[in-house]
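Hi there,

Here is the structure I promised to pass along. Have a look at it first, and then read on for what turned up.

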Amino acid sequence: MQISHDHLPLRRLGLAAAGSVVLLGIAAGPAAAHAEVSASDPRALAENVTLSFTSEAESDAAGIAELRVVFPQGIAPDAVTLKEAPEGWKLTATPDGYSVGGAALATGTDAEYSITVRQLPDAESLAFKTLETYGDGKVSRWIEVPADGRKVDNPAPLLKLQPAAPGAKPIAPSPSPTPTPTPSAPTAEPSSPAPAAAPDARKANAADSGSGNGVVVAVVAAVVVLGGAGAFRWTRRSRQS
């Protein structure tokens, strides 16, 4: 059966419309995320939650060597521990989050790791701004947070949270170490009067005084003896004459 030439334009128009629908569907679909996060318990105030991260490799020249993550408000760097990571990778706390990395992965290999968080904050969503550093020094920045439903070019990994479980409460933060008190400088003791001379010292002083007096007496006695001897000789001579 021959198809009428009158129906050909309509057929072509239908095919074009179907193609347009497919293209629109693709354009309207969600863009592939370059960095993602998921949670073992995605509820606000959930405790001991495992957060799993995936950063897709984009470089054709080098592999991912380090991921630097900034925590959303409500998560402290000291409330996180590394659970799983590529072999040899380590987690290092930073003032506003952490970095995890080590030897660069093979080119084209996605970076996957997980951490354990002591407790999630009471929020509706959490954005984990991430910097991906490759072995050749290239840095990809996934730090934009969508607002008002608008799309962004470099979205940060976003975790949407469900309401907290009934009775869930925030855990008290870890107590900071108590500072060691600094010992105060010793106060000067009031000066005390000089101690009285010891009895032995007094005896020694008395002995010294006695010794001095004895010398004087001996000298006087010698003078008297000499004087007496002289007088005796003078008297004897006077009698002989």
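**What we found**

The protein chain has two helices and 11 strands. Please keep in mind that this is a predicted model. Read from the N terminus, the order of elements is α-β-β-β-β-β-β-β-β-β-β-β-α.

The protein chain has 241 residues, of which 21% count as buried. Its accessible surface is about 17,200 Å², with 58% of that belonging to carbon and sulfur atoms. If you take the contacts between residues at least 6 apart in sequence, 70% of them join residues at least 24 apart.

The aromatic residues are worth a look on your screen. There are four aromatic pairs. In one of them, the ring centres of Phe53 and Phe128 lie 5.4 Å apart with the planes at 80°, so this pair is edge-to-face. Phe53 belongs to strand S2 (residues 47-55), while Phe128 is in the loop between strands S8 (125-127) and S9 (129-134), and the two are 75 residues apart. Phe53 and Phe128 are both buried.

Tyr98 and Tyr113 also make an edge-to-face pair, because their planes are at 80°, with ring centres 6.2 Å apart. Tyr98 sits in strand S6 (residues 97-101) and Tyr113 in strand S7 (residues 111-119), 15 residues apart. Both tyrosines, Tyr98 and Tyr113, are buried.

Together with Phe71, these residues (Phe53, Tyr98, Tyr113 and Phe128) form one aromatic cluster.

One last item: Lys138 has its charged end over the ring of Tyr134, 5.8 Å from the ring centre.

Conventions: Residues numbered from 1 in each chain as written. Predicted model: local features only at pLDDT ≥ 70, side-chain atom pairs only at ≥ 80, totals over all residues. Heavy atoms only, no water. Helix = DSSP H or I, 4+ residues; strand = E, 2+ residues; numbered from the N terminus. Buried < 20%, exposed > 50% of the residue type's maximum accessible area, 1.4 Å probe, protein only. Contact = heavy atoms within 4.5 Å. Areas by Shrake-Rupley, 256 points an atom, 1.4 Å probe, with all protein chains shown as cover. Phe/Tyr/Trp six-rings, centres within 6.5 Å; stacked < 30°, edge-to-face > 60°. Lys NZ or Arg CZ within 6 Å of the ring centre and 35° of its normal.
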